[in-house]
Amino acid sequence: NPSSLDSSFITEYANTNYVNIFYNISDVRDLIANSDCFVLPSYREGLSRSALEAMAMAKPLILSDVPGCSELIIEGENGLLCDPRSSSSLYSMMSKMLKISHNDRISMGNRSRKIVEDNYDEKIDINKLLKFINVDLENPNEVGDDRIFNAIAANHLYKPPHIIIDFGTATTFDIVNLKKK
């Protein structure tokens with residue numbers, strides 16, 4: 001969030017060898033694909049879409065230990081947690097990640113991908129929903145689409161058939177089918 005940084009900081013560090021600042025990115029897949037680790041130092045978070053995107057692209061994570069982020073990390077297996085509002089804790093976790101071998105970071109990233117596939121695939125939620133409204137999953141066409149939609153809408157449980165990822169543009173894709181480049 002550039003508005004939370006002093007403009008002199010942005011001017012001083014933009015386009016150095018250490019910091020790259022990107023504006024108005026319509027598709028972050030290349031940036032994530034070319035990174036070794038995804039870092040999100042957040043004070044508070046819902047379920048972080050950006051962290052899920054990085055996990056779907058098999059990246060290890062460093063996230064703040066706050067609700068919405070901490071649920072995504074199995075400490076040491078797919079990432080590391082830092083204390084919120086603590087630059088020293090963030091520095092410590094980033095230093096720790098740098099000491100992890102390249103192959104181990106790849107393994108951590110693969111674990112991230114597996115967590116997303118096992119827990120955040122839309123099919124899991126859809127199947128739970130269909131069971132909830134008593135749809136026969138073996139013979140779903142016998143029920144009829146209108147009945148399914150009406151039951152979902154009546155229970156205020158409607159979920160679109162894909163996860164929308166908002167990068168500030170109309171880019172939309174299923175997070176679990178997000179492919180590594």
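Strand 2 and strand 3 pair in the parallel sense, over 4 bridges. The model is predicted. Its open sheet has 3 strands, in the order 1-2-3, with parallel pairing. Strand 1, helix 3 and strand 2 build a right-handed β-α-β unit. A search of the whole structure returns 4 salt bridges.

**The sheet**

- Strand 1 (38-40) and strand 3 are the edge strands; each has a single partner strand, so one side of each lacks a neighbour in the sheet.
- From one strand to the next, the twist averages 15°.
- Strand 1 and strand 2 run parallel and are joined by 3 bridges.
- Between these two strands, Phe38 stands opposite Leu61, and Val39 stands opposite Ile62.
- Leu61 also has a residue opposite it in strand 3, namely Gly79.
- Helix 4 (residues 87-99) lies across strand 1, strand 2 and strand 3. Helix 4 runs at about 165° to strand 3.

**Both faces of strand 2**

- In a regular strand, side chains alternate between the two faces of the sheet.
- Strand 2 is covered on both faces. Leu61 and Leu63 are buried on one side. Ile62 and Ser64 are buried on the other.
- Leu61 and Leu63 belong to the largest nonpolar core, whereas Ile62 belongs to another core, which lies apart from it.

**Helix 3**

- Helix 3 (residues 49-56) is mostly covered, with 6 of its 8 residues buried.
- The buried residues are Ala51, Leu52, Glu53, Ala54, Met55 and Ala56.
- Their cover includes helix 2 (29-33), strand 1, strand 2 and helix 5.
- Just after helix 3, Ala58 adopts a positive phi of about 60°.

**Nonpolar cores**

- In soluble globular proteins, nonpolar side chains tend to be buried together.
- The largest nonpolar core holds 20 residues. Phe38, Met55, Leu61, Leu63 and Leu72 touch the most other members.
- Strand 1, helix 3, strand 2 and helix 5 each contribute at least two residues to this core.
- Helix 3 gives the largest share, 5 residues.
- Leaving aside residues up to four places away in sequence, Leu72 touches Leu47, Ser48, Ala51, Leu52, Met55, Leu63, Asn78, Ile115 and Tyr120.
- Another core, of 9 residues, lies apart from the largest one. Cys37, Ile62, Leu80 and Met97 are among its members.

**Salt bridges**

- Side chains of opposite charge can pair when their charged atoms come close.
- Asp27 and Arg29 form a salt bridge through their side chains, at 2.5 Å from N to O. Asp27 is partly exposed, at 29% relative accessible area. Arg29 is also partly exposed, at 25%.
- Glu77 and Arg111 form a salt bridge, with their closest N and O atoms 3.2 Å apart. This pair links distant parts of the chain, 34 residues apart. Glu77 sits in the loop between strand 2 (61-64) and strand 3 (79-82), and Arg111 sits in helix 5 (residues 102-119).
- Glu77 is partly exposed, at 41% relative accessibility. Arg111 is partly exposed, with a relative accessible area of 29%.
- Lys114 and Asp118 meet in a salt bridge, at 3.0 Å from N to O. Both lie in helix 5, 4 residues apart, about one turn of the helix.
- An α-helix has 3.6 residues a turn, so residues three or four places apart point the same way.
- Lys114 is partly exposed, at 40% relative accessible area. Asp118 counts as partly exposed too, at 39% relative accessibility.

Conventions: Residues are numbered from 1 along each chain as its sequence is written. This is a predicted model: local features need pLDDT of at least 70, side-chain atom pairs count only at pLDDT 80 or more; totals for chains, interfaces and linings use all residues. Side-chain values use heavy atoms; hydrogens and water are left out. Buried means under 20% relative accessible area, exposed over 50%, partly exposed in between (1.4 Å probe, protein chains only). Two strands pair if DSSP finds at least two bridges between them. Axes are lines fitted to C-alpha atoms, for helices over the stretch in contact, and angles run from 0 to 180 degrees between N-to-C directions. Contact means heavy atoms within 4.5 Å. A nonpolar core is a set of buried Ala, Val, Leu, Ile, Met, Phe, Trp, Tyr and Cys residues joined through side-chain atoms within 4.5 Å. A crossover is right-handed if, with the strands pointing away from the viewer, the path from the first strand over the helix to the second runs clockwise.
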